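Start with the strand order, then follow the pairs, the turns and the helices.

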Amino acid sequence: MARHLVVFTPTPDDLARLIAVARADLPGLASLATVRRVMTANPDSVYAIAPRARFDAADPRGEGFVACLMLNADGLAALRSGAFDASNPPAALLAGQHERPAAIYVWGVHARRRLAGGVGLVFDRLSSPLYRGVDFYARAATPEGADLLTGLGFVRGTLPGAAARSLYHLARSPAPEAAPIYDSHRPGRRGVSVAVVRSMDDLARVIALRASVYMAEQACPYDEEFDGNDLSATHLVGYVGDEPAGCLRIRFFADFAKIERLAVRAEHRNTRLAFTLVRAGIELARVKGYRQIYGHAQRRLVDFWSRFGARVFEGAREFTFSDFDYVEMLLEAEPHPQAIGLDADPYVLIRPEGRWHRAGVLDWSRIRPVTRPSVDTRVAAR
């Protein structure tokens, strides 16, 4: 949507028109005089949004807007304590035009339908060196506003204090890695990391890795290594830096998950990648609600798997395939505190595999109105 929009600083007359139009939907807006006072002190406080196809640079006219307040440290403290008056913000609580703010408060958004994509463009504008890493805060005045904030990645009620529980917060400041171990890889990251396979390119990496380990080193026949289960499983790819270096496969059954096909390239076996991949597989299975994690361990590797809590259980069977001897092992895992169940948010359940902790593309789609395009087209054609 954002490709078809532009954002710009509105003229005084255009600002007055935008505020007047928005007031019909948001009667609690600050007065025009207050908005002009804030914008005069810092022009970055208000951006207009317009469709690119209708935008005239000689006579720019917005059809929506995003307004923000650049708060200093005192302003942030007042906001979090509930003492901040957003209808008439005191100048003493606002950062100056060339001063790095302590927080950016989303003061108001009026962006109907596809104009909502302009909010992301404004946030990009507010990623310049002056604003980079500064957290966003907001309150939702309407249910649609709450949906928009959630789709943008804001989280509500995570800040301490009763007054702050209604605040939505989008953390942009540097923080310890919050991603789960199975979604820890980012381009350019150093050391060992893991990603869930979500594309054919990722699956090609898995095929290459397993071919180099099982077929080239262990002389496993092709048909035995690629056994028909790869398209019904979840795969993890392990990286050393940006280099694919290992992989793991997980298959899910009614009441247990099976971890298998762990492979690490020979030149990377002096790293902790094998341990990281197994821990990532266990964690992903636990988040999906599994407490029994089953595997077939080569007899020579029983000690390795026992380090994760797996054990050769009573009645475990020994057997052979692809020229190696195996034994059954079982890990009884504790329930995961954030395990996904039927009571999970519907948007969480439709996010990409292993990305349940992050808003996905379908979260963003909720900001569009319900139009049922295919249904309406069929009805109109009758």
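Seven strands form an open sheet in the order 8-9-10-11-12-14-13, and their pairing is mixed. Strand 8 and strand 13 (318-321) are the edges; each has a single partner strand, so one side of each is left without a neighbour in the sheet. From one strand to the next, the twist averages 30 degrees. The model is predicted: local features need pLDDT of at least 70, side-chain atom pairs count only at pLDDT 80 or more, and totals for chains, interfaces and linings use all residues. Residues are numbered from 1 along each chain as its sequence is written, and side-chain values use heavy atoms, with hydrogens and water left out.

Some terms come first. Helices (H or I, at least four residues) and strands (E, at least two) are DSSP runs, numbered from the N terminus. Two strands pair if DSSP finds at least two bridges between them. Strands of a sheet pair through backbone hydrogen bonds, either parallel or antiparallel.

Strand 8 (residues 192-196) runs antiparallel to strand 9 (residues 234-240), and five bridges join them. V194 has G238 of strand 9 as its bridge partner. Strand 9 is mostly covered, with six of its seven residues buried (under 20% relative accessible area; exposed is over 50%, partly exposed in between, with a 1.4 Å probe and protein chains only). On to strand 10 (residues 243-252): seven bridges tie it to strand 9 in the antiparallel sense. Here H235 is partnered by R249 of strand 10. The two strands make a hairpin with two residues between them, and G241 in its turn has a positive phi of about 65 degrees.

Where does A257 sit? It belongs to strand 11 (residues 257-264). A257 is buried, with a relative accessible area of 0%. Beyond its neighbours within four places in sequence, A257 contacts I250, R251, F252, A285, Y290, Q292, I293 and Y294; contact means heavy atoms within 4.5 Å. A257 and G295 lie 38 residues apart in sequence, yet their C-alpha atoms are 8.5 Å apart in space.

Now the other end of this sheet. Strand 12 (residues 292-298) and strand 14 are antiparallel and share seven bridges. Two of the residue pairs can be named: T320 has D325 as its bridge partner, and E318 stands opposite V327. Strand 13 and strand 14 form a hairpin with two residues between them. S322 is in the loop between these strands. Its phi is near 50 degrees, a positive value in a residue other than glycine.

R372 also has a positive phi without being glycine, near 45 degrees. R372 lies in the loop between helix 11 (361-365) and helix 12 (373-381). R372 is exposed, with a relative accessible area of 55%.

Strand 5 (residues 136-138) and strand 7 (residues 168-170) run antiparallel and are joined by three bridges. Y137 stands opposite H169 in strand 7.

Axes are lines fitted to C-alpha atoms, for helices over the stretch in contact, and angles run from 0 to 180 degrees between N-to-C directions.

The axes of helix 1 (residues 12-23) and helix 2 (residues 32-41) come within 10 Å and cross at roughly 135 degrees. That makes helix 1 oblique to helix 2 (under 35 degrees counts as roughly parallel, over 145 as roughly antiparallel, 65 to 115 as roughly perpendicular, the rest as oblique). P12, L15, A16, I19 and R23 of helix 1 make the contact with L32, V35, R36 and M39 of helix 2.
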